[in-house]
Structures are given as structure tokens and as C-alpha cells.
Amino acid sequence: MTNLFKARPRWLKIGLVTLGLMLVVALVLPYFLDADRYRPAIASAIEDATGRKVTIGKIRARLLPTPGFSVDGFRLANPPGFPEGDLLAVETVRGSLTWGAIFGGDLRLTSVELVKPKLVLLEDDRGRTNYSFDTPPTTAKGKAAPASDDSSSFQLSAIENVELSDA
């Protein structure tokens, strides 16, 4: 084995060592990234967009095999006027991002997996449903959210793959 390594050109040895170091960094770096610090901002953005209370558990980042994240516990509450409870509760949400998101480019979600999702659909006596989002969303302070010029380029239709596990 050592004879094989010695017989290789110097540039190949350097390339293999560099590749190995990059692999180790990619495996270890997510343990040092605090993706969970974005939890309040993400929850607030979802609440502003939907007008619903959102609960998000611990967020973890990953780099391999593709950049992505996992969220332990996600809950989207029923709208005001409906019983206490959740429209959607998910044990774990896993998502994959494009490499451009890592290098400061376009943030695109390529796939989402919902592990053990629980969806509770309700309708009141006036025909309103808890899964309808026709009313303008409100901010966390209860005021109507300002009209958006669609500054966010994120859309659910842009996700290439949505998977439900143990649904």
C-alpha cells in the first residue's frame, strides 16, 4: 500500500490529501454551525406569511451529500376562530438546498421530506376551513401584514421533490 502511494505523482498526492481534508471539514463543520440561531426569524417569517402561530424545534445543518437542514418538530396552528390545536404537526422536516445557497447565491429548496406528518382539517358551521389561507396574514402583533412586492423568491412550486414518510 505504501509503495502505491509513493509511486504516484506529487500533484496527485496533494490532490488526494486536499480532497480528504475537504471531506472531513464537510462532515465536521455542521456540528459547529449554529443553524438553530435562525429559528426565531424563520418562525416569524412563516407566521407573517400565514397569519398562524408556528412552533419550530431544533434546526440542524448538513453539507453532505447535499447542503440541507433538519428541523425536529414543526407545528402550524389553527387560525383564529377555530379550536386550539394544529393544522399541521410534523415530527421531523428534512430539506435539501442547492449549492448556490452555501456560496451566497440563490436560495433554492430542492426537496422536502415530512416525517410523521399529522394534518387535521376542520370546517366550521359557516363553511370556513382551517386550511384556507384567503384572509390576509397578520404579524405577530395582530396587525395586518404589509402588502408584499414578492421580495422573497421562494415558492412551494419550485420544490422539485416533496416526500411524506410514515404519514
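**Patch and strands**

Mentor: Leu23, Val24, Val25, Leu27, Val28, Leu29, Phe32, Leu33, Leu64 and Trp99 make up a nonpolar surface patch with about 910 Å² of accessible area together. The model is predicted: local features need pLDDT of at least 70 and side-chain atom pairs 80 or more, while totals for chains, interfaces and linings use all residues. Residues are numbered from 1 along each chain as its sequence is written, and side-chain values use heavy atoms, without hydrogens and water.

Trainee: What makes Leu64 partly exposed?
Mentor: Its relative accessibility is 31%. Buried means under 20%, exposed over 50%, and partly exposed lies in between (1.4 Å probe, protein chains only), so Leu64 counts as partly exposed.

Trainee: Where does Leu64 lie?
Mentor: Leu64 sits in the loop between β2 and β3. Those two strands form a hairpin with five residues between them. Strands here are DSSP runs of E, at least two residues, and helices are runs of H or I, at least four, numbered from the N terminus.

Trainee: Which helix gives the largest share of the nonpolar patch?
Mentor: Helix α2 (residues 10–28), with five residues.

Trainee: How do you know that β2 and β3 pair?
Mentor: Pairing needs at least two bridges found by DSSP. β2 (residues 59–62) and β3 have four, in the antiparallel sense, so they pair. Arg60 has Ser70 as its bridge partner in β3.

Methods. Patch = residues over 30% accessible without salt bridge, like charges linked within 9 Å, V, L, I, M, F, W, Y side chains within 5 Å. Areas by Shrake-Rupley, 256 points an atom, 1.4 Å probe, with all protein chains shown as cover. Salt bridge = Lys/Arg side-chain N within 4 Å of Asp/Glu carboxyl O.
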